Amino acid sequence: MDIGEILTVGNELLRMKAEPVNRIGPEYVTLAAKMIEAMHEGKGVGLAGPQIGLMKRIFVIHAEGDTPRVFINPSIIETSQDMVKYEEGCLSVPGIWAEVIRPSAIRIQAWNEKGRPFTLDAGGLLSRIIQHEYDHLEGVLFIDRLSESKRNRILARLEKRKKA
Ligand code: NI
């Protein structure tokens, strides 16, 4: 499994649902390390499989002040009632930042790159990044969570930039 370029909005793979990983073999240790490297190179705080054209349910994150974390076959099993607004960006939507409203805290279950299951209660920035990355596995981008007019403005801006 090699890592290519990071796909950007307009690529239809970003709009597809990723498949569960059947068996977390030793190749996932290498893959996770490569994904973490690519995330750091892009100065991102998260990277999901579909963003590199890998349609598997895996993402990596690195919140400030935390260590990098790997999530395979994750499920968000609880979300808090209270919602918060927080500015998001995405390596697949380059140069765009917008405030998105999401639950403030979550509980997530997943496996790490060594095939070990874990449960994590996340709040703050960690919760935010996890929810953003989880969306990628469902073919959802953060701009989908904005109002239609806001999203259209962003898409028009990206289109204009592509032509320039
Ligand atoms: Ni993203």
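Donors, as the word is used here, are N, O and S atoms within 2.8 Å of the metal (3.2 Å for Na, K and Ca), and since water is not among the atoms, sites may look incomplete. With that in hand, the donors of the nickel ion follow the spacing C-x41-H-x3-H along the chain. On the protein side they are C90 (SG), H132 (NE2) and H136 (NE2), which sit 2.1 to 2.2 Å from the ion.

Before going further, a word on the source. This is a predicted model, where local features need pLDDT of at least 70, side-chain atom pairs count only at pLDDT 80 or more, and totals for chains, interfaces and linings use all residues. Residues are numbered from 1 along each chain as its sequence is written, and side-chain values use heavy atoms, with hydrogens and water left out.

Helices (H or I, at least four residues) and strands (E, at least two) are DSSP runs, numbered from the N terminus. Buried means under 20% relative accessible area, exposed over 50%, and partly exposed in between (1.4 Å probe, protein chains only). C90, at 10% relative accessibility, counts as buried, and H136 is buried too, at 1%.

Now the sheet. Its five strands run in the order β1-β2-β3-β6-β7, open and with antiparallel pairing; two strands pair if DSSP finds at least two bridges between them. At the edges are β1 (46-48) and β7 (117-122), each pairing on one side only. On average, neighbouring strands are turned by 40° against each other, direction ignored. Axes here are lines fitted to C-alpha atoms, for helices over the stretch in contact, and angles run from 0 to 180 degrees between N-to-C directions.

Let's walk across it. Three bridges join β1 to β2, with A48 opposite F59 in β2. Four bridges then link β2 to β3: F59 stands opposite F71, and I58 has I72 as its bridge partner. In β2, I58 and V60 point one way while F59 and I61 point the other, and all are buried. Five bridges join β3 to β6, where S75 partners Q109.

Helix α1 (residues 27-41) lies across β1, β2 (58-61) and β3 (69-79), at about 50° to β2. Helix α2 (residues 124-137) packs on the sheet and touches β1, β2, β3, β6 and β7, its direction making about 155° with that of β2. Contact means heavy atoms within 4.5 Å.

Finally, the largest pocket has a volume of about 400 Å³. A pocket is an open set of points on a 1 Å grid over the protein atoms alone, where a 1.4 Å probe fits, with protein on both sides within 12 Å along at least five of seven lines; lining residues have an atom within 4 Å of a point. Grid points are joined across faces, edges and corners, and the volume is the space filled by probe spheres set on them. Of the 22 lining residues, V45, E88, G89, C90 and W97 are the closest to the centre. At least two lining residues come from each of β4, β5 (93-103) and α2.
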